[in-house]
Amino acid sequence: QVHLVESGGGLVQAGGSLRLSCAPSASIFSINVMAWYRHPPGNQREAVAAITTGGSTRYVDSVKGRFTISRGNANDTVYLQMNSLKPEDTAVYYCNIKGGTPLYGKYDYWGQGTQVTVSS
């Protein structure tokens, strides 16, 4: 069973920056999309950013221009650079990787979550 290991969360003041990282515990292949989700306190989990194997990216409106999702050189690692952080960005952030093939089946891996707290 593959696990996704996240790092980079923490406490930061408003206007500051953090960089989240996510790497699998073993090499994975046939990745379709890598994404970051977040679960703010008292709210539902939402998709924050995603990147496809082709390099296309998409972001939730609230983070556009502030967050950047990217892949590592190994192509199975994913990062989330978060700038100009706001208190409303406070949440547990989760990494997600989806992929697979018709022959070997699909997979949907999740990280354990990393806490991001932005103080005002």
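## Core, disulfide and aromatic contacts

Beyond its neighbours within four places in sequence, Val-78 is in contact with Leu-20, Ser-21, Cys-22, Met-34, Trp-36, Ile-51, Ile-69, Ser-70, Arg-71 and Cys-95. Contact here means heavy atoms within 4.5 Å.

This is a predicted model: local features need pLDDT of at least 70, side-chain atom pairs count only at pLDDT 80 or more, and totals for chains, interfaces and linings use all residues. Residues are numbered from 1 along each chain as its sequence is written, and side-chain values use heavy atoms, with hydrogens and water left out.

Val-78 also belongs to the largest nonpolar core, which has 28 residues. Such a core is a set of buried Ala, Val, Leu, Ile, Met, Phe, Trp, Tyr and Cys residues joined through side-chain atoms within 4.5 Å. Buried means under 20% relative accessible area, exposed over 50%, and partly exposed in between (1.4 Å probe, protein chains only). Trp-36, Phe-67, Val-78, Leu-80, Met-82, Tyr-93 and Ile-97 have the most contacts inside the core. Strands S3 (18-24), S4, S5 (46-52), S7 (67-71), S8 (78-82), S9 (91-101), S10 and S11 (114-119) each supply at least two of its residues. S9 gives the most, with four. Strands are DSSP runs (E, at least two residues), numbered from the N terminus.

One disulfide is found, by the rule of two cysteine sulfur atoms within 2.5 Å. Cys-22 is joined to Cys-95, S to S 2.0 Å. The bond links distant parts of the chain: Cys-22 lies in strand S3 and Cys-95 in strand S9, 73 residues apart. The S-S torsion is about -75 degrees, so the disulfide is left-handed. Cys-22 is buried at 2% relative accessible area. Cys-95 is buried at 0%.

The whole structure holds two aromatic pairs. Rings of Phe, Tyr and Trp (its six-membered ring) pair if their centres lie within 6.5 Å; planes under 30 degrees apart count as stacked, over 60 as edge-to-face and the rest as tilted.

| Pair | Centre to centre | Angle between planes | Type |
|---|---|---|---|
| Tyr-37 and Trp-110 | 4.9 Å | 55 degrees | tilted |
| Tyr-107 and Tyr-109 | 4.8 Å | 15 degrees | stacked |

Tyr-37 in strand S4 (residues 31-39) and Trp-110 in strand S10 (residues 105-110) are 73 residues apart. Tyr-37 is buried at 18% relative accessibility, whereas Trp-110 is partly exposed at 30%. Tyr-107 and Tyr-109 are both buried.

Arg-45 lies over its face, at 5.5 Å from the ring centre. The charged end of Arg-19 sits over the ring of Tyr-79, 4.0 Å from the centre. The rule requires NZ of Lys or CZ of Arg within 6 Å of the ring centre and within 35 degrees of the ring normal.
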